Amino acid sequence: MKALNVLRIMERVTVVTIFLAMVTLYFVNVLSRQFGGTFATNFAWVEEAVRLMSLFLVFFGLGLALEQGRQVGVYSWRDRIAKRLGLPIRKFIDAVAIVFCVYLAWLGYGMTVFVYSTGQISPTLNMPIYWIYLAPTIGFLLLALRYALSLFGVIDRYSAQDGGH
């Protein structure tokens, strides 16, 4: 459980840091365009950097959102079906989601390796493009971990939906 708490803290710090960096960069970019004149051209890289950061922000937040019951779902229908049929629908959903997330992470890894082999470089940031493909790979692995923790009862991602929060 301690490892999970460390992971949560790391994810939250990362997400908040990325968000604050995005806000700061856009603020500086707006100021430079408004008051900087030709100096504003030095900040052409900001928009691409913020787009890249937004990818990481979204994908790093997936696991946190799932754990807090913030993912989109039709849970009233799911729970009515489970109650009527007496089936462990929640466990089935978690198991299928693990397989799906691991598959998407595997696809993301394949894309990362492929793009890495091409040697593409971002024109304004002058950084390797394969970094973009790491966001979904890492994000879906974190999401698969949360589904696995839910499947095995380590976390209760349904408590917010059931009125537990």
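A: α1 passes α2 in a left-handed crossing, where left-handed means that the near helix is turned anticlockwise from the far one by less than a right angle, and right-handed means clockwise. Helices (H or I, at least four residues) are DSSP runs, numbered from the N terminus. The model is predicted: local features need pLDDT of at least 70, side-chain atom pairs count only at pLDDT 80 or more, and totals for chains, interfaces and linings use all residues. Residues are numbered from 1 along each chain as its sequence is written, and side-chain values use heavy atoms, leaving out hydrogens and water.

Q: At what angle do the axes of α1 and α2 cross?

A: Two packed helices are described by the angle between their axes and the distance between the axes. Axes are lines fitted to C-alpha atoms over the stretch in contact, and angles run from 0 to 180 degrees between N-to-C directions. Here α1 (residues 2–35) and α2 (residues 45–67) cross at roughly 155°, their axes coming within 9 Å. α1 and α2 are therefore roughly antiparallel (angles over 145 degrees count as such).

Q: How do α4 and α5 pack?

A: Helix α4 (residues 89–118) meets helix α5 (residues 130–151) at about 160°, with axes 8 Å apart. Their crossing is left-handed. The contact of α4 with α5 has 21 nonpolar, 4 polar and 2 charged residues (Ala, Val, Leu, Ile, Met, Phe, Trp, Tyr, Cys and Pro count as nonpolar, Asp, Glu, Lys and Arg as charged, the others, Gly among them, as polar).

Q: Where does leucine 20 lie?

A: Leucine 20 lies in helix α1.

Terms used. Helices (H or I, at least four residues) and strands (E, at least two) are DSSP runs, numbered from the N terminus. Angles under 35 degrees count as roughly parallel, over 145 as roughly antiparallel, 65 to 115 as roughly perpendicular and the rest as oblique.
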